[in-house]
Amino acid sequence: MIKVDMTKAKAIAHTIRREERSKEFAPLDDMIAKQIPGWEGAEAQRQAIREKYSAIQDAIEAAGDVPALNGAMAQL
């Protein structure tokens, strides 16, 4: 039987979560930085992304086993 170090697995999951969140933020950050027309609405989109990834973060932290962690990661 394979033993998974959940602390390390969660750390890896958080790294992946941060990378995915950064990818979603990139076009909005660019829009804000360049002040492309409609950039004011980008902040609302950024907040929606923050909320989505906050829920995933909570699910990762609450995971007590590998299937639960995989379930949290499936939300990405």
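**Exercise 1. Determine which helices the buried residues of α3 pack against, and on which side of α3 those residues lie.**

Solution. In this predicted model, the buried residues of α3 pack against α1 and α2. To see which residues are involved, apply the cut-off of under 20% relative accessible area for burial; in α3, L69, A72 and M73 are buried. These three cover an arc of only 100° around the axis, which places them on the same side of α3. N70 also belongs to helix α3, which spans residues 66-73, but N70 counts as partly exposed because its relative accessibility is 48%. At the start of this helix, a side-chain oxygen of D65 comes to within 3.0 Å of the backbone nitrogen of A68.

**Exercise 2. Identify the residues with the most contacts inside the largest nonpolar core, and state which elements give two or more residues to this core.**

Solution. The largest nonpolar core has 14 residues, and those with the most contacts inside it are A13, I49, I60 and L69. Two or more residues are given to this core by each of α1 (6-34), α2 (42-62) and α3. As a general background, nonpolar side chains tend to be buried together in soluble globular proteins. Taking I49 as an example, and not counting residues up to four places away in sequence, one finds that I49 touches R21, E24, F25 and L28.

**Exercise 3. Trace the salt bridges of R46, and work out which residues are joined with R46 into one network.**

Solution. Begin with D29, whose side chain meets that of R46 in a salt bridge (2.2 Å, N to O). Since D29 lies in helix α1 and R46 in helix α2, the pair ties together parts that are 17 residues apart in sequence. Next, the side chains of R46 and E43 meet in a salt bridge (3.4 Å, N to O); being 3 residues apart in helix α2, R46 and E43 are separated by about one helical turn. E43 counts as partly exposed, at 38% relative accessibility. Through salt bridges that share partners, D29, E43, R46 and R50 are joined into one network.

**Exercise 4. Describe the salt bridge between K34 and D30, including the exposure of each partner.**

Solution. The side chains of K34 and D30 meet at 3.3 Å, N to O. Both lie in helix α1, 4 residues apart, so about one helical turn separates K34 and D30. K34 is exposed at 56% relative accessibility, while D30 is partly exposed at 35%.

Methods
Residues are numbered from 1 along each chain as its sequence is written. This is a predicted model: local features need pLDDT of at least 70, side-chain atom pairs count only at pLDDT 80 or more; totals for chains, interfaces and linings use all residues. Side-chain values use heavy atoms; hydrogens and water are left out. Buried means under 20% relative accessible area, exposed over 50%, partly exposed in between (1.4 Å probe, protein chains only). A nonpolar core is a set of buried Ala, Val, Leu, Ile, Met, Phe, Trp, Tyr and Cys residues joined through side-chain atoms within 4.5 Å. Contact means heavy atoms within 4.5 Å. The arc is that of the directions from the helix axis to the C-beta atoms. A polar contact is a pair of N or O atoms within 3.5 Å; within protein, one must be able to donate a hydrogen and the other to accept it, and residues adjacent in sequence count only if both atoms are side-chain atoms. A salt bridge is a side-chain nitrogen of Lys or Arg within 4 Å of a carboxyl oxygen of Asp or Glu.
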